[in-house]
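Okay everyone, today I'd like to talk about salt bridges. Have a look at the structure first, and then we'll go through a few pairs together.

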Amino acid sequence: GKLVNMRHVHVISKYKDVVINMDTTYWGRHFGLVIIKDAFRNKVLWHKFVSDERVSDYIEGIEWLRSKGFNIYGIVCDGIRGLFRPLRHYRVQMCQYHMIQIVRRHLTSKPDLEASVELLGICMSLSHVSEDNFREALTCWHKKWHGFLSEKSIGADGKPHFTHPRPGAAYRSLMFYLPYLWTCNHYPELHIPNTNAAIESLNQRLKTLLRNHSGISKQRRIKLLQEYIARHY
């Protein structure tokens with residue numbers, strides 16, 4: 001068919017000073033697409049089809065950009081933990097929206113425990129308060145609930161476990177990402193976005209595209225996605 005004859009041409013952007021969004025979107029469990037996109041121009045700079053999300057793929061994309069003469073002034077990403085150390089020489093912004101999602105996953109959207117309700121409340125204020133206020137609220141919360149978080153009880157295996165593991169896990173997660181949540185404010189002149197919204201909308205378009213072509217082979221799905229990116233981005 002017509003699809004097979006289309007040739008995918010990668011045009012390298014002439015704008016070499018960039019802030020980038022990075023993300024992987026999935027169809028099913030083992031078919032994903034890593035995308036690195038210019039945060040301000042509607043342009044996909046690099047992409048790669050993958051079977052799972054790995055730090056090495058993002059690093060490969062960044063090294064490819066550098067080899068083509070790009071200057072990367074900021075990176076917005078969704079928080080694979082292993083990514084932050086290799087990117088320590090860059091200004092990295094953890095997507096605030098994904099931070100909230102991670103905390104929600106630990107606490108659920110409607111937590112029962114008072115400690116969890118309070119922590120979720122603090123987290124939901126993320127994009128509306130200053131970094132100092134957020135850090136202070138987090139410190140106060142931890143002081144208040146420290147004893148509660150330390151409580152242990154004997155599990156079915158006969159060993160002691162934290163009685164309330166969820167709020168503790170959510171707090172540790174927030175503490176891990178805290179240094180990366182306000183990079184956008186530390187460098188206002190770069191206008192680094194505080195979320196990955198720009199890439200999310202692209203992911204939704206790609207998902208819709210494949211939904212309309214369900215049942216085609218993996219090779220044809222790859223062709224279709226590549227063609228769409230080449231044409232629109």
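So, a salt bridge here is a side-chain nitrogen of Lys or Arg within 4 Å of a carboxyl oxygen of Asp or Glu. Before we start: this is a predicted model, where local features need pLDDT of at least 70, side-chain atom pairs count only at pLDDT 80 or more, and totals for chains, interfaces and linings use all residues. Residues are numbered from 1 along each chain as its sequence is written, and side-chain values use heavy atoms, leaving out hydrogens and water.

Searching the whole structure turns up 7 salt bridges. Take E131 and R135, whose side chains meet at 3.0 Å, N to O. Both sit in helix α5, 4 residues apart, about one turn of the helix. Helices, by the way, are DSSP runs of H or I with at least four residues, numbered from the N terminus.

How about accessibility? Buried means under 20% relative accessible area, exposed over 50%, and partly exposed in between, using a 1.4 Å probe and protein chains only. E131 has 17%, so it's buried, while R135, with 32%, is partly exposed.

There's also a network: salt bridges with shared partners join K48, R54, D57 and E60. D57 is buried at 1%, and R54 is partly exposed at 42%.

Last one: E118 and K144, with closest N and O atoms 2.7 Å apart. E118 lies in helix α4 (residues 114-124) and K144 in helix α5 (residues 131-150), so this pair ties together parts 26 residues apart in sequence.

Methods: Helix = DSSP H or I, 4+ residues; strand = E, 2+ residues; numbered from the N terminus.
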